[in-house]
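Student: I would like to go through this structure step by step. Can we begin with the way its helices pack?

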Amino acid sequence: MTCSNNNYLEHYLRELREGDAENAYHSLVEAGPAVLPELIEAFNTESCPNMRATLVKVVWQFGLPETIPFLSQALADNDPQVWKSVLDGLVSMPCNEALAALEKARDRQFDKEKDGQIFKEWVEEALGQIRASISM
């Protein structure tokens with residue numbers, strides 16, 4: 001990256017929202033882990049669920065176990081787009097830390113019982129996938 005991380009990130013975040021989302025997504029992934037702190041900050045201040053889900057996906061594309069605490073926190077997001085993206089990320093990094101994050105989140109409470117049941121089913125599926133990958 002030749003320009004500052006902030007300008008680079010701001011440009012591609014704007015592109016995600018208003019322009020060529022696919023190009024912006026790939027550009028953010030290609031930027032590498034150096035943009036992780038800014039991506040996480042952008043996630044924490046973002047109101048659009050689709051944008052939050054995309055930011056989560058960019059973060060987990062780096063495949064870094066040190067992103068698992070962020071992904072674990074993002075599981076608390078109420079929007080299914082977001083927590084499903086988090087689950088994809090955790091499954092893509094099968095390790096004990098990912099298992100622990102899912103086990104901790106499994107009994108999360110929702111306002112609507114149905115939402116909690118759906119979440120739990122998805123978490124159980126992700127746990128099974130990670131356990132299968134770890135035992136290979």
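Student: What is the handedness of the crossing of α7 and α8?

Tutor: This is a predicted model. Two packed helices are described by the angle between their axes and the distance between the axes. For α7 (residues 96-105) and α8 (residues 113-134), the axes come within 10 Å. The crossing of α7 and α8 is left-handed.

Student: How are α7 and α8 directed relative to each other?

Tutor: Their axes cross at roughly 160 degrees. Angles over 145 degrees count as roughly antiparallel. Therefore α7 and α8 are, relative to each other, roughly antiparallel.

Student: How many residues of the contact of α7 with α8 are nonpolar?

Tutor: On the α7 side the contact includes L99 and L102, and on the α8 side it includes F119, V123 and I130. By class, the contact of α7 with α8 has 2 charged residues, 1 polar residue and, as for nonpolar residues, 10.

Student: Are α4 and α6 roughly parallel or roughly antiparallel?

Tutor: The axes of α4 (residues 49-61) and α6 (80-92) come within 8 Å. They cross at roughly 10 degrees, and angles under 35 degrees count as roughly parallel. The relation of α4 to α6 is therefore roughly parallel.

Student: How many charged residues are in the contact of α4 with α6?

Tutor: From α4 the contact includes R52, K57 and W60, and from α6 it includes V82, D88 and G89. The residues of this contact divide into 6 nonpolar and 5 polar, and the number of charged ones is 3.

Student: Are α3 and α4 roughly parallel or roughly antiparallel?

Tutor: α3 (residues 36-45) packs against α4 with the axes 9 Å apart. The angle is about 160 degrees, and the crossing is left-handed. Angles over 145 degrees count as roughly antiparallel. α3 and α4 are therefore roughly antiparallel.

Student: How many charged residues does the contact of α3 with α4 have?

Tutor: L36, L39, I40, A42 and F43 of α3 meet R52, L55, V56, V58 and V59 of α4. Arg counts as charged. The contact has 9 nonpolar residues, no polar ones, and a charged count of 1.

Student: Which helix gives the most to the lining of the largest pocket?

Tutor: The largest pocket holds about 180 Å³ of space. Its lining includes W83, K84, F110 and D115, and by class it has 4 nonpolar, 1 polar and 4 charged residues. Two helices, α6 and α8, each supply at least two lining residues. The helix that gives the most, with 3 residues, is α6.

Technical notes: Residues are numbered from 1 along each chain as its sequence is written. This is a predicted model: local features need pLDDT of at least 70, side-chain atom pairs count only at pLDDT 80 or more; totals for chains, interfaces and linings use all residues. Side-chain values use heavy atoms; hydrogens and water are left out. Axes are lines fitted to C-alpha atoms, for helices over the stretch in contact, and angles run from 0 to 180 degrees between N-to-C directions. Helices (H or I, at least four residues) and strands (E, at least two) are DSSP runs, numbered from the N terminus. Angles under 35 degrees count as roughly parallel, over 145 as roughly antiparallel, 65 to 115 as roughly perpendicular and the rest as oblique. A crossing is left-handed if the near helix is turned anticlockwise from the far one by less than a right angle, and right-handed if clockwise. Contact means heavy atoms within 4.5 Å. On a 1 Å grid over the protein atoms alone, a cavity is a set of points where a 1.4 Å probe fits but cannot get out, and a pocket is an open set with protein on both sides within 12 Å along at least five of seven lines; lining residues have an atom within 4 Å of a point. Grid points are joined across faces, edges and corners, and a volume is the space filled by probe spheres set on the points.
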